[in-house]
Amino acid sequence: MRQFFVITWWEFIRHFKSRSFLLSTFISPLVFAAVMLIPTLYIEDSSINRLKIIGCMEFDTTGICRNIRQRFTELNADSPLQSFIQLITIRTDTSVSMKNRFNLTRRLKLQLDSLDNNYNRIKERRKFVFQKPAGTSREQELKVTYDELLQIRETRDLAELDYRRNKQETDSLWRIETIRYADGLLQSSKMEGYLLIDQINFSEGIIEFHSLLPSNFLQIDPVKQAVQVVVVEQRLKEEGLRVDKIREWLEPLVFREIQMQGEDKQEFNFLINYLGPIIIVLFLFISIFTSSGFLFSGVLKEKSNRVIELLLSSVSYTQLVAGKIIGLGLLGIFQILIWFGLTLILASLNILNTSEITFLTFGNAGLFLLYFVLGYLYFASIFVGIGSLFSHEEDAHHLNQFMRLLSIFPIVLAVLVLDSPNSLLVRILSFIPPLTPTFMILRIPLGSPPVEDYYISVGIMIISILLGIVLAGRLFKVGSLLYGKNPTFREIISIAFKRQ
Amino acid sequence: MNIQIQEISKIFKELTVADRISFNVEPGKVVGLLGPNGAGKTTTIRMILDILKPDSGQIIFDGQPINRQIRNRIGYLPEERGLYQKFQVMDVIWYFGRLKNLPKRKSHIEAIRLLDAFKMIDYVEEPIGHLSKGTQQKLQFLVCLIHNPDILIMDEPMAGLDPINQQIIRAKILQLRDEGKTILLSTHQLLEAENLCDYFVLIDHGKVVLQGTLPQIQKSYDQNMMVVETKQDPGLLKGIAGIRKMELRDSALYLLLDKNAQVKEIMQKIIQKVDVSRLEVHKPSLHDIFMQTIKGAQ
């Protein structure tokens with residue numbers, strides 16, 4: 001028994017002191033956290049440091065850009081969005097050439113209006129003359145005003161034609177100039193995108209958004225929401241509804257998301273309640289595969305340098321394998337305790353708010369540890385058996401890669417658990433040994449599995465581990481002294497299942 | 001401690017790697033296990049160490065089969081060596097001492113004592129991977145002595161060592177023998193075996209083909225040899241009755257005679273055929289016997 005403890009201690013301490021352990025304990029989680037957090041931080045950082053300017057340009061619409069800006073500010077009053085999306089109205093009617101054109105159009109309009117007035121005045125006068133008693137002077141006056149009317153109508157028609165032609169030209173030029181100007185702002189990265197609103201499209205409910213970067217199309221939703229509100233507002237106004245009522249009706253709703261967890265209910269937090277369990281599973285898997293990976297490579301190295309013979313001349317196969325498995329299992333638990341300790345330190349420094357992680361109760365932590373131990377013992381027995389069959393690390397490289405790939409498989413399937421933690425499919429998959437630890441660890445915080453699922457899954461794991469240890473023991477006994485050619489798959493099966 | 005290997009056999013798949021092997025290893029004696037590659041030496045050693053179980057036969061240590069106490073009294077030096085390369089010398093020796101049931105402190109003290117005795121004390125904190133190959137070999141030898149074993153089993157103890165370290169190990173083995181340890185070593189180096197071993201067991205194809213002390217083996221190997229030195233063509237000696245084989249080694253011609261050949265008659269015939277500067281009856285060395293026995297068996 002003493003030799004078993006010596007091996008356990010040796011395996012623990014020699015791997016604890018190794019660089020790989022330090023890497024997997026401190027660097028791997030950091031890399032992993034970085035992979036998960038960098039996109040979020042990047043978005044937050046870009047939202048702080050990179051103010052997004054969204055332009056708005058309107059043609060033949062009255063102040064819609066101003067309304068959109070106003071509604072966007074109101075709708076996002078409490079949101080950080082407001083600080084990084086700024087809506088501006090794009091105007092090009094201040095350029096000299098455009099000013100001249102607008103002046104000309106305005107002049108033509110004034111001229112047209114003046115002619116209209118004259119025309120109407122003559123018409124009024126004729127109405128007045130017509131009401132006078134019949135006589136020569138009345139007939140004379142009617143004839144004179146009729147000639148004036150004809151003359152002014154012709155002049156007015158010509159002026160209107162002139163005005164319309166000019167206005168069309170000015171509008172077209174204005175639109176081209178404005179879009180060119182806005183595109184220039186996009187190209188020079190002075191603006192992230194712009195809304196283009198014109199009367200015809202707007203009346204059909206179409207608004208264009210122009211941008212260079214694909215990501216801007218994904219981030220335009222809050223602006224779209226403001227536009228939507230303005231459009232609905234305008235339509236309701238056109239239907240004759242009261243403005244104050246419209247405002248009241250269009251007040252944005254506050255959604256409170258309450259998640260039921262067993263008997264309790266709590267506010268849903270995406271990061272904690274959705275990503276949290278995945279992070280825990282990933283950490284436990286890092287630990288399981290660090291320890292069983294050490295076991296695999298340790299057996300291989302000891303076999304390739306014949307230390308295994310030296311060990312077997314001192315201890316029995318059972319003591320050696322058990323000592324290794326337990327020693328490295330303790331290392332895995334120690335690794336988890338280090339992470340737990342770091343979490344407590346971060347919590348005490350107020351960097352991490354653990355009070356929000358409500359699923360991390362002592363009961364659940366115990367269950368996580370139980371499934372960690374079961375998962376580790378299961379994979380360790382497989383690794384120790386297979387590791388002993390190869391003489392050199394290079395030979396086992398491909399198999400090792402394959403095993404690691406297999407280990408990722410349960411994490412890929414984790415989406416199923418996140419989607420529906422207690423569905424029939426997930427429950428069945430939870431009873432398949434390689435998936436059991438992952439699935440159960442995920443299900444505990446997400447869906448409070450039925451009690452019988454705990455019993456069945458633990459029972460299945462214990463049977464699988466016992467079977468795995470028996471088969472691994474057989475493989476190890478033969479494989480640890482087998483040198484030269486690697487055994488074929490058929491030979492492995494024959495060694496494992498041959499009646500002893 | 002006396003070891004009796006009694007009719008042990010081992011079959012892997014359909015290949016008999018050990019076939020009713022029997023011999024004894026007595027305290028105060030060095031027994032050499034000799035044989036070509038694949039003869040079954042390592043399998044025999046593994047069965048003695050209880051790493052492999054014999055399919056039949058038994059191995060008795062002072063009248064009892066191997067148990068934990070006996071296992072802790074065995075020191076083993078495997079053929080191909082390698083220790084934990086990243087670990088310090090002291091840690092590794094200490095670990096193997098602990099595996100042999102030495103208490104923590106005793107294991108530490110013994111490690112220092114041995115390192116000092118082998119003039120390796122300066123390497124105490126050195127990672128094993130930093131040591132030369134020869135020093136690592138010596139260290140492994142030291143590891144098998146950490147618990148002061150009564151039985152020493154060594155597979156090719158001199159392999160890979162330079163002449164100086166070979167001399168150190170040889171002296172240590174002889175010292176241990178004189179202290180009454182039971183020593184079994186397997187080797188390919190027959191000259192080395194002649195110098196070290198008191199008893200020889202020659203194995204081929206899993207069978208013991210010869211065993212005994214050197215004089216016993218030489219006596220049982222009742223074939224004589226002659227050495228002839230002549231400046232004339234050795235081919236002139238062909239056809240002399242009683243000469244089975246001729247072999248030129250350096251400038252001398254070694255003649256292997258038939259079992260019942262008349263030495264005197266053959267000598268006379270040789271003198272008649274060529275002028276000789278040297279002609280003598282040669283006692284076959286272990287090497288000769290080994291070669292002839294193995295070739296004969298093949």
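**Cavities and the A–B interface**

This predicted model holds four cavities of 30 Å³ or more.

Q: Why is the space lined by Leu310(A), Ile74(B) and Phe96(B), among others, called a cavity?
A: A cavity is space where a 1.4 Å probe fits but cannot get out. The largest cavity has about 70 Å³ of such space, and its lining includes Ser313(A) and Ser314(A) as well as Tyr76(B) and His147(B). Strand 5 (residues 74-77) of chain B gives the most to that lining, with three residues.

Q: What makes the residues lining the second largest cavity count as nonpolar?
A: Leu, Ile, Val and Phe are on the nonpolar list, and the lining is made up of residues such as Leu34(B), Phe200(B), Val201(B) and Ile217(B). The cavity itself has about 60 Å³ of space.

Q: Why is the pair Glu309(A) and Arg46(B) called a salt bridge?
A: The cut-off is 4 Å between a side-chain nitrogen of Lys or Arg and a carboxyl oxygen of Asp or Glu. Here the closest N and O atoms are 2.9 Å apart, so the pair qualifies. The count between chain B and chain A is one salt bridge.

Q: How do you know that chain B and chain A are in contact?
A: Contact needs heavy atoms within 4.5 Å, and 28 residues of chain B meet that against 24 residues of chain A. Together the two chains bury about 2600 Å², 57% of it on carbon and sulfur atoms. Ile51(B), Tyr84(B) and Leu99(B) supply 23% of the area chain B buries against chain A.

Notes. Residues are numbered from 1 along each chain as its sequence is written. Chains are lettered from A and ligands numbered from 1 in the order in which they are written. This is a predicted model: local features need pLDDT of at least 70, side-chain atom pairs count only at pLDDT 80 or more; totals for chains, interfaces and linings use all residues. Side-chain values use heavy atoms; hydrogens and water are left out. Buried area is the accessible area (1.4 Å probe) that two parts lose on being put together, summed over both. On a 1 Å grid over the protein atoms alone, a cavity is a set of points where a 1.4 Å probe fits but cannot get out, and a pocket is an open set with protein on both sides within 12 Å along at least five of seven lines; lining residues have an atom within 4 Å of a point. Grid points are joined across faces, edges and corners, and a volume is the space filled by probe spheres set on the points. Helices (H or I, at least four residues) and strands (E, at least two) are DSSP runs, numbered from the N terminus.
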